[in-house]
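Please keep the sequence and the structure in view while reading.

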Amino acid sequence: MKKLFLLFIISTTFSYAQSPGEELGKALYYLLNKNEAKATYIKNVMTQTVSINSTSKAFFAGSTRAVLKIDLPIGTKEWFYRITTMDINTNYYYPQEETFFSLISDKKAFKTNNKTNKPLNFYIIDDNSVNNFRQTGNDNFRYYNKYSKTNTQGFIDSCDLISNNLWIGLINPNIRDGLKVIVEVVAFGNFN
């Protein structure tokens, strides 16, 4: 099993050369080979769809922001996530065989099926920043710069911060159009 997964990672690294997937492939390779004595497993941590208002609509009701708690299982060594963006009225969901967890489990190539070209701001924050982050217009919040992206569309990435106080923060910077976002998180580690 481990050799098959290693072969998948090597092929993924080559198929995504010169792209963010190359880093993802390297991270997976590193995880599997870091400690030969222990088995490495994956766990689905989250698959959630959130709607985020535009700034003009948030003035009347709702928010331009969403926060999602990351509940990492004990034994997590690193976690990977896929963010998929779409227009607010789109009712797209990944079929079961195309969920991020399924693609990794079935050793298939990773992809993000964005349904819009409108940007999103993505942050990893902690418990101390959640209240400030939730307030539309309040930019007085701390975040982990290394894992944050602004004015981006959906993407796949990884995080090696392991804590029980982590959150994903999403901001819709668009003045007129709302966004719907699928957030998927998969943990890698030694789970017993």
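A residue is called buried when its relative accessible area is under 20%, exposed when that area is over 50%, and partly exposed in between, with a 1.4 Å probe and protein chains only. Helices (H or I, at least four residues) and strands (E, at least two) are DSSP runs, numbered from the N terminus. The model is predicted: local features need pLDDT of at least 70 and side-chain atom pairs count only at pLDDT 80 or more, whereas totals for chains, interfaces and linings use all residues. Residues are numbered from 1 along each chain as its sequence is written, and side-chain values use heavy atoms, with hydrogens and water left out.

Which order do the strands take in the open sheet of four strands? The order is 1-8-3-6, with antiparallel pairing; two strands are taken to pair if DSSP finds at least two bridges between them. Strand 1 and strand 6 are the edge strands, each pairing on one side only. From one strand to the next, the twist averages 15°, where axes are lines fitted to C-alpha atoms, for helices over the stretch in contact, and angles run from 0 to 180 degrees between N-to-C directions. In general, strands of a sheet pair through backbone hydrogen bonds, either parallel or antiparallel.

The pairings of strand 8 can be followed on either partner. Strand 1 and strand 8 pair in the antiparallel sense over eleven bridges, and Met46 stands opposite Val185 in strand 8. Strand 3 and strand 8 are likewise antiparallel, over eleven bridges. Opposite Val186 in strand 8 stands Phe80, and opposite Glu184 stands Arg82.

Attention now turns to the nonpolar core, a set of buried Ala, Val, Leu, Ile, Met, Phe, Trp, Tyr and Cys residues joined through side-chain atoms within 4.5 Å. The largest such core has 23 residues, of which Trp79, Tyr81, Ile168, Leu170, Val181 and Val183 touch the most other members. Two or more residues each come from strand 1 (41–52), strand 2 (65–69), strand 3 (76–87), strand 4 (120–126), strand 6 (155–159), strand 7 (166–171) and strand 8 (179–189). Strand 8 gives the largest share of this core, four residues. Nonpolar side chains tend to be buried together in soluble globular proteins. Contact means heavy atoms within 4.5 Å; leaving aside neighbours within four places in sequence, Leu170 is in contact with residues including Val50, Ile52, Phe122, Phe133, Val181 and Val183.

Three further residues complete the tour. Ser102 lies in helix 4 (residues 100–105) and is buried, with a relative accessible area of 8%. The side chains of Ser102 and Thr99 are joined by a polar contact of 2.9 Å, that is, a pair of N or O atoms within 3.5 Å; within protein, one must be able to donate a hydrogen and the other to accept it, and residues adjacent in sequence count only if both atoms are side-chain atoms. Lys107, in the loop between helix 4 and strand 4, has a positive phi of about 60° although it is not a glycine, and Lys107 is partly exposed at 25% relative accessibility. Asn151, in strand 5 (residues 149–152), also has a positive phi, near 50°, and is exposed, with a relative accessible area of 56%.
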